[in-house]
Amino acid sequence: MTQHTVQKTSVTLLGLGAMGTALARTWLAAGHPLTVWNRTPARAAALAADGAEVADTAAEAVAANTLIVVCLLDDASVGEALAGTDLTDRDLVNLTTSTPGQARARAEWARERGARHLDGGIMAVPPMIGVPEAGGYVFYSGSRELFERHRETLAVPAGTTYVGEDAGFAALHDVALLSAMYGMFAGTAHAFALIRGENIDPVSFAPLLADWLVAMAPAVHRTADQLRSGDYTKGVVSDLAMQVAGTPAFLSTAEQQGVSPELLSPYFELMRRRLAEGGGEEDLTGVIDLLTR
């Protein structure tokens, strides 16, 4: 019987922080030849023991393979690491956290240097990398052809979701989702603050809070439908006028509990402004228009 060995794509990885190291270990475990570089060489020692080739310089690492994955601190670090390297005919996948504008500028920067470019936004923390059941994934945007060429390799550490040819879209999706997350954390912080001084066990309260947040989550679909149609009264359950009328109770409760309303007040103010403009029969979707003016 003849055995056929499938050659796995070789990868160069620049950056061995917590996320970069997790990516590296996953590619190595899957049998991908890996060349790594890090500004602090000591971080590469353990990976060398696992079979990674350690480059002395970023230029040497870039020269080693066609597929170059970058996972550094910020956009400035990318420019510094790649300065003086020959990117001609390289496939540059930038997984460094950046803004949409930085991602677009970096894509043009790469093209000017003869490289093909793909930007990524990682929706996972390091322990989720290489663990499919954890649900982590990466947004990718830029060259569709480049994404399809390396989809299988890029899917080894985490799932892949392609969001468009615009190089900035991965970063935009990333920040949009994380912004919603921080909004949820803000509401959670206020809720726990309200019960903090009472004889209420936070551990017993937590399942009630989690279940409530899950129950409210489908409202995003109604908001999206209203934005697409332009009809903010479509499918309204509690209109804006009713909700604004209820806000004094939230503020008074916070005062009585000795809790600052600073996490709620800005949103309530937007609600009142939209109501003053005549949006009383709408859902809360009109607040979005106030934010984008």
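Reader: With which residue does arginine 149 form a salt bridge?

Author: Side chains of opposite charge can pair when their charged atoms come close. A salt bridge here is a side-chain nitrogen of Lys or Arg within 4 Å of a carboxyl oxygen of Asp or Glu. Arginine 149 forms one with aspartate 91, and the closest N and O atoms are 2.9 Å apart. This pair links distant parts of the chain, since arginine 149 is in helix α6 (residues 144-154) and aspartate 91 in strand β5, 58 residues apart; helices (H or I, at least four residues) and strands (E, at least two) are DSSP runs, numbered from the N terminus. The model is predicted, with local features needing pLDDT of at least 70 and side-chain atom pairs counting only at pLDDT 80 or more, while totals for chains, interfaces and linings use all residues. Residues are numbered from 1 along each chain as its sequence is written, and side-chain values use heavy atoms, with hydrogens and water left out.

Reader: Is aspartate 91 buried or exposed?

Author: Buried means under 20% relative accessible area, exposed over 50%, and partly exposed in between (1.4 Å probe, protein chains only). Aspartate 91 counts as buried at 1% relative accessibility, whereas arginine 149 is partly exposed, with a relative accessible area of 39%.

Reader: Which residue meets aspartate 89 in a salt bridge?

Author: The side chain of aspartate 89 meets that of arginine 116, at 2.8 Å from N to O. Aspartate 89 lies in the loop between α4 (75-82) and β5 (91-94) and arginine 116 in strand β6 (residues 116-123), so the pair ties together parts that are 27 residues apart in sequence. Aspartate 89 is partly exposed at 46%, and arginine 116 is also partly exposed, at 25%.

Reader: How many cavities of 30 Å³ or more does a search of the whole structure find?

Author: A cavity is a set of points, on a 1 Å grid over the protein atoms alone, where a 1.4 Å probe fits but cannot get out, and lining residues have an atom within 4 Å of a point. Grid points are joined across faces, edges and corners, and a volume is the space filled by probe spheres set on the points. The search finds one cavity of 30 Å³ or more, and the largest cavity has a volume of about 40 Å³. Its lining includes Leu23, Trp27, Val138 and Tyr140, and the elements that give two or more residues to that lining are α1 (18-29) and β7 (137-142).

Methods: 1 Å grid on protein atoms, 1.4 Å probe; cavity = no way out; pocket = protein on both sides within 12 Å on 5 of 7 lines; lining within 4 Å.
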